[in-house]
Amino acid sequence: MVVAAVNSLVMTMPGPVISLMADRLTGSQVSAGIAQTAIATGAVVASIPLAALSQRYGRRIGIAFGYLTGMLGALLVVSGAAAGSYLLLLPGGLAIGAAGAAGMQARFAALEVTDRSRYGQAIGAITLVSALGGTVGPLLAGLTERLTDSLPLYSGQFLVVAAGLGISTAAVLLGLRPGPSQYKCPVLRTTGRRFASIWAALRDPSARRAIVGLVTVHGIMISLMNMAAIHLHHGGATLNVVGLAFGVHVAAMFLPGPLVGYLVDRRGPALLLSAGLVLELLAAGLLATAPQHHAPAVTLGLVLLGLGWSCGYVAGSVQLTTATTPAKRIQVQGAADFLALLTAAGGALLAGTVVTTWGYTGLAYGAGAAALLALIVTTRSLWVEEP
């Protein structure tokens with residue numbers, strides 16, 4: 001829990017701040033966007049290698065290596081600020097992304113040391129702690145800059161990021177000794193056998209449904225959330241209104257975590273995963289039909305979007321874990337995170353093009369269609385007997 005709090009505390013700062021730093025160094029908004037995208041790309045690229053590292057040497061080593069890589073990336077960004085070099089920001093951002101991928105895999109490590117009957121509550125507690133850290137993190141950005149005014153502009157925040165990830169690395173190395181997977185998961189020493197284990201696990205209908213649900217709720221949430229601010233702004237909303245809408249959206253994502261986890265443990269992950277997709281479908285429908293100048297309706301849509309993500313994320317994580325054997329679990333979880341991160345990154349990039357062509361309404365209808373399709377796939381076992 002401590003690692004989740006510290007990690008979320010510092011990982012909310014790099015994305016916005018690295019774009020500001022890139023804009024200052026280059027004067028180009030395009031370059032600023034590329035620098036911010038580097039962090040997301042790093043998370044996608046690192047997810048599978050970190051899972052393979054955890055499979056071979058244990059969760060402790062895999063997660064700690066991701067945090068350590070992120071720490072070195074943050075220091076590289078500081079060096080880029082000091083040298084006035086934009087090119088140093090890009091590998092630094094990629095390396096920071098590895099810490100994000102490690103943070104996602106840490107939730108599965110928590111399940112390995114939790115009784116199976118409390119899996120949902122464990123994930124729910126982690127989301128709540130992450131919310132608290134994510135709320136405080138942005139508030140530290142301005143304070144950090146004032147305390148480090150002798151350093152190059154914006155570099156103080158990345159020193160905090162490096163320090164936080166260093167603490168996370170030490171906490172994992174000391175607190176997860178021995179790594180949970182080291183005594184639960186046999187080692188798969190060849191790449192071929194690792195991929196064979198993934199495909200074997202995906203033949204299980206429950207694992208497939210969990211991955212479809214996780215990928216869909218994450219991709220829909222990122223796509224609709226990223227463009228909602230522009231949608232509201234074009235409808236005449238003030239920055240205060242936009243900030244309020246996003247605040248309640250984030251609260252709806254993380255604060256219900258413990259309750260969702262409790263329901264997952266009591267009612268089963270399949271039901272809550274379907275409920276998450278239903279909420280995403282309702283959110284997409286409301287966001288597609290609500291006038292952009294009607295901020296309360298758009299805000300309600302964002303709340304439903306956050307609640308849907310909460311249900312899908314917690315339930316999907318639990319269902320994926322229970323559907324796979326220990327020997328295959330880490331690689332399948334890494335593959336699921338890879339697909340979720342890749343879909344989110346692709347959705348964020350594609351969303352701008354879709355909105356330009358068909359408007360936010362078109363984006364929301366497309367998201368609704370994806371949610372409906374995923375809902376059919378995840379609930380197929382209710383009326384079709386699967387092999």
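**Figure 1. Helix α5 in the predicted model.** At 1.5 Å a residue, the 24 residues of α5 should span 34 Å, and the 36 Å between its end C-alpha atoms agrees with this; the expected span of a helix is taken as 1.5 Å times one less than its number of residues. The helix is mostly covered, with 17 of its 24 residues buried, where buried means under 20% relative accessible area, exposed over 50%, and partly exposed in between, for a 1.4 Å probe and protein chains only. Helices (H or I, at least four residues) and strands (E, at least two) are DSSP runs, numbered from the N terminus. This is a predicted model, in which local features need pLDDT of at least 70 and side-chain atom pairs count only at pLDDT 80 or more, while totals for chains, interfaces and linings use all residues. Residues are numbered from 1 along each chain as its sequence is written, and side-chain values use heavy atoms, with hydrogens and water left out.

Figure 2. The protein has 15 helices and zero strands, and 52% of its 387 residues count as buried. Among the contacts with a separation of 6 or more, 82% are accounted for by residues 24 or more positions apart, a contact being heavy atoms within 4.5 Å. R116 is placed in the loop between α5 and α6, and R116 is exposed because its relative accessible area is 53%. Although R116 and T321 are 205 residues apart along the chain, their C-alpha atoms are separated by 9.7 Å.

Figure 3. A search of the whole structure finds one cavity of 30 Å³ or more, and the volume of the largest cavity is about 50 Å³. On a 1 Å grid over the protein atoms alone, a cavity is a set of points where a 1.4 Å probe fits but cannot get out, whereas a pocket is an open set with protein on both sides within 12 Å along at least five of seven lines; lining residues have an atom within 4 Å of a point. Grid points are joined across faces, edges and corners, and a volume is the space filled by probe spheres set on the points. The lining consists of M104, R107, L214, H218, Y313, A336, D337 and A340. At least two lining residues come from each of α5, α10 and α15, and α15 supplies the largest share, three residues. By class, five of the lining residues are nonpolar, one is polar and two are charged; here Ala, Val, Leu, Ile, Met, Phe, Trp, Tyr, Cys and Pro count as nonpolar, Asp, Glu, Lys and Arg as charged, and the others, Gly among them, as polar. L214 lies in helix α10 and counts as buried because its relative accessibility is 5%. Leaving aside neighbours within four places in sequence, L214 is in contact with R107, G312, Y313, G316, S317 and L320. L214 and A336, 122 residues apart in sequence, are 7.6 Å apart in space, C-alpha to C-alpha.

**Figure 4. The second largest pocket.** About 350 Å³ of space lies in this pocket. Of its 19 lining residues, I220, S223, G366, A367 and A370 are the closest to its centre. The elements that give two or more residues to the lining are α10 (205-234) and α15 (326-378), and α15 gives the most, with 13 residues. The lining divides into 12 nonpolar, seven polar and no charged residues.

Figure 5. A nonpolar core is a set of buried Ala, Val, Leu, Ile, Met, Phe, Trp, Tyr and Cys residues joined through side-chain atoms within 4.5 Å. Of the 60 residues in the largest such core, L224, L320, Y360 and L363 touch the most other members, and α14 gives the most residues to this core, with 14. Leaving aside neighbours within four places in sequence, L224 is in contact with A284, L287, L305, Y360, L363, A364 and A367. Apart from this core lies another, of 31 residues, among them V77, V78, A81 and F158. W309, found in helix α14, is buried because its relative accessible area is 5%. Not counting residues up to four places away in sequence, W309 touches V217, H218, M221, M253, F254 and E280.
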